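Please look over the sequence and the predicted model shown below before reading on. The report is meant to be read beside them.

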Amino acid sequence: MKYDEQLTPENKLFIKDVVHDKYGLPTVIEGINTYQHSPLKVEPMERGTWFPGCRRSGVIARKLGIYPMWLKDGTKALTTLLQVVDNHVIRYIPPEEFNPPRSSVKCPANKQNFGCLLVGAESADPQEFTKEYCGLFKDSGVMPKKKLCRFLINPEAAIQPGTPLYVSHFKVGDYVDVRGVTIYRGFQGVVTRWGFKGGPASHGVTKTHRRPGNIGSGGEKARVWKGQKMPGHMGNRHRILKGVKILRINTKYNVMWVLGQAIAGGTNSFVYVYDTKLPLRRLTEAPYFPTFYPEDEEALPEEIYSDDLHPFTAPSITYDEKA
């Protein structure tokens, strides 16, 4: 607990029962005692209309690991599993009120045209956080979240606070950008950090086997150039993998399989997934806008595969009976 409230074990159990009765279980698994409609305390928002180039919200996911898949032509494709864990919209800030510090959010030049959508992931016990932090979730009617993220969106893509976000926010075949934090390796030398070959192992070499050697700072410049590859802290940096294709989606467990294995972060680390900004891979058809609403759409199958991906349930070899 964040505060020492001098609670008895019976009172702690009573508080947990009240929280479970009011909010239910997290919306990680679809259809198993999940709370899809929160007690909103604001008027419902009017849904906008999608247009090419419209920027909508993203989701927060956990990186589960690497998994091999096979295309229909027999090509092996390594994919990364991302699970959308208990995402809810916490707050929407319209463009006229959104004015972040320049160092806080990397805004485009025309930032006055974008609003901000605050999304949270993984509900937790309110007793684990401060009262000020729990106040952020008062208007949305959801439990405090472990992870928060801000997404710049067009006003037409605003989502009602308290709305859950599922993996069905995206479609199979869409291209997304995935932003994560690289694994922290601590202070490393040039061999580990930059892949330097190092010096020879013998023939007069003494204590310089893994040294960087001469960095060429003599002569006229007489200084170290910016960007020089030298020992230092490795990892713990934000990196974005752009234009990643979604090959498979599991709507029950909110898991997506994306092509590639270069997504930053270790197992169980948080990543942020949103529509790609690459000009040639942007959305050309209207997605679920502003997000997927189960009550408005037809029930989706549990497994959705890309057209060029071989599903495990289908046979890999077929025989012609006439032959």
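## Basis of the model

This is a predicted model, in which local features need pLDDT of at least 70 and side-chain atom pairs count only at pLDDT 80 or more, whereas totals for chains, interfaces and linings use all residues. Residues are numbered from 1 along each chain as its sequence is written, and side-chain values use heavy atoms, with hydrogens and water left out.

## The chain as a whole

The protein has three helices and 13 strands, where helices (H or I, at least four residues) and strands (E, at least two) are DSSP runs numbered from the N terminus. Of its 323 residues, 38% count as buried; buried means under 20% relative accessible area, exposed means over 50%, and partly exposed lies in between (1.4 Å probe, protein chains only).

Among contacts between residues at least 6 apart in sequence, 77% join residues at least 24 apart, a contact being heavy atoms within 4.5 Å. The accessible surface comes to about 19700 Å², of which 52% belongs to carbon and sulfur atoms; accessible areas come from the Shrake-Rupley method with a 1.4 Å probe, and for residues only the protein chains shown count as cover.

## A four-stranded open sheet

Four strands form an open, antiparallel sheet in the order β5-β4-β3-β6, two strands being paired if DSSP finds at least two bridges between them. Strands β5 (145-153) and β6 (164-165) stand at the edges with a single partner strand each, so one side of each is left without a neighbour in the sheet.

Eight antiparallel bridges join β4 to β5, and L117 has F151 in β5 as its bridge partner. Strands β3 and β4 pair over six antiparallel bridges, with H88 opposite G120 in β4, while β3 (residues 87-93) and β6 pair antiparallel over two bridges, with N87 opposite L165 in β6. Strand β4 (residues 115-123) is mostly covered, nine of its nine residues being buried.

## A nonpolar surface patch

Y67, W70 and F312 form a nonpolar patch on the surface, with about 300 Å² of accessible area together. Patches are made of residues with over 30% relative accessible area and no salt bridge, like charges being joined within 9 Å and nonpolar side chains (Val, Leu, Ile, Met, Phe, Trp, Tyr) within 5 Å. W70 is found in strand β1 (residues 59-70) and is partly exposed, at a relative accessible area of 37%.

## Salt bridges

The structure holds seven salt bridges, each defined as a side-chain nitrogen of Lys or Arg within 4 Å of a carboxyl oxygen of Asp or Glu. R47 is partly exposed at 44% relative accessibility, and D296 is partly exposed at 45%.

In another, the closest N and O atoms of R56 and D275 are 2.6 Å apart; R56 lies in the loop between α1 and β1 and D275 in strand β12, so the pair ties together parts that are 219 residues apart in sequence. Both R56 and D275 are buried. R248 and E303 also form a salt bridge, with closest N and O atoms 2.9 Å apart, and this pair ties strand β10 (residues 238-250) to strand β13, parts that are 55 residues apart in sequence. R248 is buried at 9% relative accessible area, whereas E303 is partly exposed at 26%. Salt bridges that share partners join R62, E122 and K146 into one network.
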